[in-house]
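Thanks for coming, everyone. Please bring up the sequence and the structure. I will walk you through both.

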Amino acid sequence: MESNIKRQLREIPAVHQFIHDEQLLAWIHEHQISERILTDVVKETVDSIRRQLLNQQLDTISYNIILDQIKLKLLKSQQANLKSLINGTGIILHTNLGRAVLAQEAIDQMIDVAKGYSNLEYQIDQGARGSRHDHVEDLICRLTGAEAAMVVNNNAAAVYLILREIAKGREVIVSRGQLVEIGGSFRVSEIMYESGAILREVGTTNKTHLRDYEQAIHEETALLLKVHTSNFTIRGFTQTVEVDELASLGAKHGIPVYEDLGSGVIYDLKKHGIGEEPVIHDSLHRGADIVSFSGDKLLGGPQVGVIAGQKAWIDRLKANQLARVLRVDKVTLAALEATLRLYLDPEQAAQKIPALRDMLISTEELRKRAEKIKQQLSHFDIHICETENEVGGGSMPDIMLPSIALEIHHERDPAHVVERKLRMGNPAVIGRITRDVCLLDVRTIQDEEIPLLVQALNENLR
């Protein structure tokens, strides 16, 4: 075996043979691939072949086998790493797949702002320097009832900035049952530690009373914090303190109340019987001095952290040096502004913001979509079935939306092979496996994606 490996290693063609291969050079010119990257790709491929032989992961080699691998690597080098795909999981706010899909209005405004110069920090009417906050602040205030608002790059940054500015070196009182962990193992307690604020836990995991907060207040208390547990629920013998109760307590002691709302709801989904998510306007109306929430979850916009509340506190946050570190760019602001404008007409928002539209769509409409796809794939063994899925993105953890999916059966390939073939295609189609069957949930497959989906199944499963 050892002598065979040594023989194969000696038979690996030299790098210069590939670099000067006339057919390969003609091929890269045909595919508009620069010669500059050819040498690096050839070296990487030859090194990879050598390692595979040494690790006994490759049985045979030939010039053509190596040449094919070089071509494959060259083609991949020309493709973007971040690219669009078809979400067949049914999870609307899939964190790994980019969370909320943007409304067409947001996409159009992003392109318009990105392709040239803009008034990002310029007041056209005054001919003077302006603030990037101005483009969305009035809209946020109008929609939430806040006195002032600002935007940072995500809600974790919003939490950090608020704690750093208002409570650095002082205590923040929070219920033990609200010390949540969000995606990527980021914890409220750890963010608080990094901000310089001092955590003061009160109550128990399942029960916290107003008296627990009051007994913990002293001269070093800077903030009363309420964290909405948007990514988990506790049921049974439970007790939490509502924001209006905290607001009364805070007013009594001259301490501000901050509610981290997490997902961020402007459109009230409760009227459609979907979840019990608090609406941002209600939190401020009930007395919270400051609130923060995400832009790319239930709001259905780009990734941002929105901070809204009393002007005195927002002005302090804007003046903090970290506000520049955490600020968002012009394209993000363009997408957020366009998304917020849709909310000025709630019915328009429900129809045009994909996150809302996909949550509110009926199973009857989903079944029609599934039938439309199946009709174009009559040569495949596809069944339509009922299923259910989560909203995703750490939102509404106890809500399962009824949905419709396509069961993809293959005469030879088991479910995991079908799932992989679709995932590795172009475009990639991401499904899920349930009861040894590959499912494509049509809730997150848009009508305009159907031709691409049909093409992907034809190319990868035939």
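**A walk through the model**

Let's start with a strand pair: S16 and S17 run antiparallel and are joined by 3 bridges. Strands and helices here are DSSP runs, E of at least two residues for strands and H or I of at least four for helices, numbered from the N terminus. Two strands count as paired if DSSP finds at least two bridges between them.

Now the ground rules. This is a predicted model, where local features need pLDDT of at least 70, side-chain atom pairs count only at pLDDT 80 or more, and totals for chains, interfaces and linings use all residues. Residues are numbered from 1 along each chain as its sequence is written, and side-chain values use heavy atoms, with hydrogens and water left out.

Next, the overall picture. The chain has 20 helices and 17 strands. Its C-alpha atoms fill a box of roughly 85 × 55 × 50 Å along the principal axes. Of its 462 residues, 49% are buried. Buried means under 20% relative accessible area, exposed means over 50%, and partly exposed is in between, using a 1.4 Å probe and protein chains only. Take the contacts between residues at least 6 apart in sequence: 74% of them join residues at least 24 apart. A contact means heavy atoms within 4.5 Å.

Back to our strand pair. Which sheet holds it? An open one of 4 strands, in the order S13-S14-S17-S16, with antiparallel pairing. S13, residues 381-392, and S16 are at the edges with a single partner strand each, so one side of each has no neighbour in the sheet. From one strand to the next, the twist averages 45°. For angles, axes are lines fitted to C-alpha atoms, for helices over the stretch in contact, and the values run from 0 to 180 degrees between N-to-C directions.

Two helices lie on these strands. H18, residues 363-375, lies across S13 and S14, at about 25° to S14. H19 lies across S14, S16 and S17, at about 40° to S17.

Stay with H19, residues 415-423. Which of its residues are buried? They are Ala415, Val418, Glu419 and Leu422. Seen down the axis of H19, these fall within an arc of 100°, so they line one face of the helix. That arc is taken from the directions from the helix axis to the C-beta atoms. Their packing partners are strands S14, S15, S16 and S17, along with helix H20.

A cis peptide bond joins Asn426 to Pro427, with omega about 5°. Most peptide bonds are trans, and most residues other than glycine have a negative phi. Two residues have a positive phi without being glycine. Gln32 has phi near 55°. Gln32 sits in the loop between H3 and H4, and is exposed at 69% relative accessibility. Arg99 also has a positive phi, about 55°, in the loop between S1 and H6.

Now the other sheet. This one is open too, with 7 strands in the order S4-S12-S11-S10-S9-S5-S8 and mixed pairing. S4 and S8 are its edge strands, each pairing on one side only. Neighbouring strands are turned by 25° on average, direction ignored. S4 and S12 pair antiparallel over 5 bridges. There, Ala148 is partnered with Gly309 in S12. Helix H8, residues 155-167, packs on the sheet, and its direction makes about 155° with that of S11.

A 1 Å grid over the protein atoms alone is used: a cavity is a set of points where a 1.4 Å probe fits but cannot get out, a pocket is an open set with protein on both sides within 12 Å along at least five of seven lines, and lining residues have an atom within 4 Å of a point. Points are joined across faces, edges and corners, and a volume is the space filled by probe spheres set on them.

How big is the largest pocket? Its volume is about 1,100 Å³. It is lined by 40 residues, and those closest to its centre are Ser84, Leu85, Leu97, Ala100 and Val101. The elements giving two or more residues to that lining are S1, H6, H15 and H17.
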